[in-house]
Amino acid sequence: MKNYIGQPLWLALLVLLLLTSLSMLPGNLKIGDFDLRKMDIFADIRGPQAAQAVEPEPEPYIPDTTAYFLEQDTLPLDTSVVDTARQVEFVPQPSKDSTYFGKVMEDYTPNQTGLKRFFAAIDSIRRGRTVRVAWYGDSFVEGDILIGDLRDSLQSAWGGNGVGFVPITSEVARFRRSFVQEFRGWTTYSIVKKNVVHPPFGLDGHVCTAAPDAKIHYTGAHYFRHTNNWTQVRFFYTAANDLPFVWQNEGGEPKMETLKAHPGQISAWKCNQPAIHAFALRFPEPEGLLAYGASLEDGPGFYIDNFSVRGNSGGPLKQIKPDIVRQFDTYQKYDLVIIQVGLNAVTNSTVNVKWYRAELDRTFTHLRACFPDKPILVISVGDRAGKNGTELATMLGVPAIVAMQRELARQHGFLFYDLFWGMGGPGTMIRLAQHRPMLANLDYTHLTHEGGKVVGLQFARLFLEEQAQYKTRLGK
């Protein structure tokens, strides 16, 4: 019988030789579109490194979460600041000094009126006005992470109940804490999915078609203070013909109504009920129906509509037609538009972001066409960590993308906030992931719900501090 005892030994030696050879390759080697990371199998046993003393882990960066609520304004609205938005000619403002990065919202709007217009709208809430923010984001804020805590905090300060805009379907329905969602019988099209043929996308980058007896059900949640109940449901749709449907409030009898047909136009069906906690819609024969979402609100107050799309680098937003956006805005009347993307463009192998700059440049131009007279706030990419050789550190592409996003915001006359430095700068995601309880996931890219609360409250404080400075300048 042949002796095979020596074969495992030879195999182990060959593997060791292969790994040793790979360790000698230079870092960030690129083969076609594939990036090879630097590996070093001897990193843990090298003499000099082993002899070094282990440095204690730095304290995690956790912003102060106290004193987030200022006294609600009861002074008359100064409408003069709204009229200043009609500038004669746009001249880009000079960039802010680096000492302000992450500490203030940088206002590069014409005549620096972006924040003035927004806070003038906030002042008018007490007079019965509703203020809405459209937040276009990626997976960093999906499931209402960060946005949920920000919305809840500012609703405590400015008024409002309900989560605002909600989708028909969702990949993170069981992960989200701001409301409970159930659905069946829907086909969803998204700006990040390659669909050969699709209907016009809605305001949030999605559109749904329905099978017979399709259903959606929304239930309030107790996790936040202002998402358990609401008083108004608006359902956004396009219908080729009049469509009967059934709606039901929690504890009530099912009621039959008809969606009126307005072919090619965004329509809204509205229902007002006291203290809605759960609400359902069912469509027995939905042929010709395009469903775009609903809005759960409670009259005058403040609302943030979360339009996060996983994998959205910003470029896919150009698939949303300006005409569709303007039709939606006749109902929503947004006072601020936020775009927060870049996470999917960060790499650890290059700081050359010209390709991404060109993509975002076109997206920013498209956003201005969609929202021609709205302040637009660019929130930069946050921290993201990965292996640089054998060390875990902030990815090299993060600062480059932040700088590029700031410059584009300046050139387009947008507002800008540096989330990278606002979170704490290099290494923040590592510190948040090492914190107990964990404030970031071990992908060193996404926040946990607890981390989202920390950053969401930080944003709330930022908005309230900016509002206080606005009032000081007006002498209020």
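This is a predicted model: local features need pLDDT of at least 70, side-chain atom pairs count only at pLDDT 80 or more; totals for chains, interfaces and linings use all residues.
Residues are numbered from 1 along each chain as its sequence is written. Local features need pLDDT of at least 70, side-chain atom pairs count only at pLDDT 80 or more, and totals for chains, interfaces and linings use all residues, while side-chain values use heavy atoms, with hydrogens and water left out.

**Exercise 1.** Determine the strand order of the open sheet and its edge strands.

*Solution.* Begin with the elements, where strands (E, at least two residues) and helices (H or I, at least four) are DSSP runs numbered from the N terminus. Pairing requires at least two DSSP bridges between two strands. The open sheet has 6 strands in the order β3-β19-β16-β15-β4-β14, with mixed pairing. Its edges are β3 (106-107) and β14 (301-308), each of which pairs on one side only. Within the sheet, β4 (residues 130-137) and β15 (residues 336-340) run parallel, joined by 5 bridges, and tryptophan 135 stands opposite isoleucine 338 in β15.

**Exercise 2.** Work out how α4 is oriented towards β4 and α11.

*Solution.* Axes are lines fitted to C-alpha atoms, for helices over the stretch in contact, and angles run from 0 to 180 degrees between N-to-C directions. Helix α4 lies across β3, β4, β14, β15 and β19 (415-417), at about 135° to β4. Next, the axes of α4 (residues 114-123) and α11 (residues 449-474) come within 10 Å and cross at roughly 95°. These two helices are therefore roughly perpendicular to each other, a class that spans 65 to 115 degrees. Finally, in their contact (heavy atoms within 4.5 Å), the α4 residues include Phe118 and Phe119, and those of α11 include Phe463 and Tyr470.

How values were computed: Angles under 35 degrees count as roughly parallel, over 145 as roughly antiparallel, 65 to 115 as roughly perpendicular and the rest as oblique.
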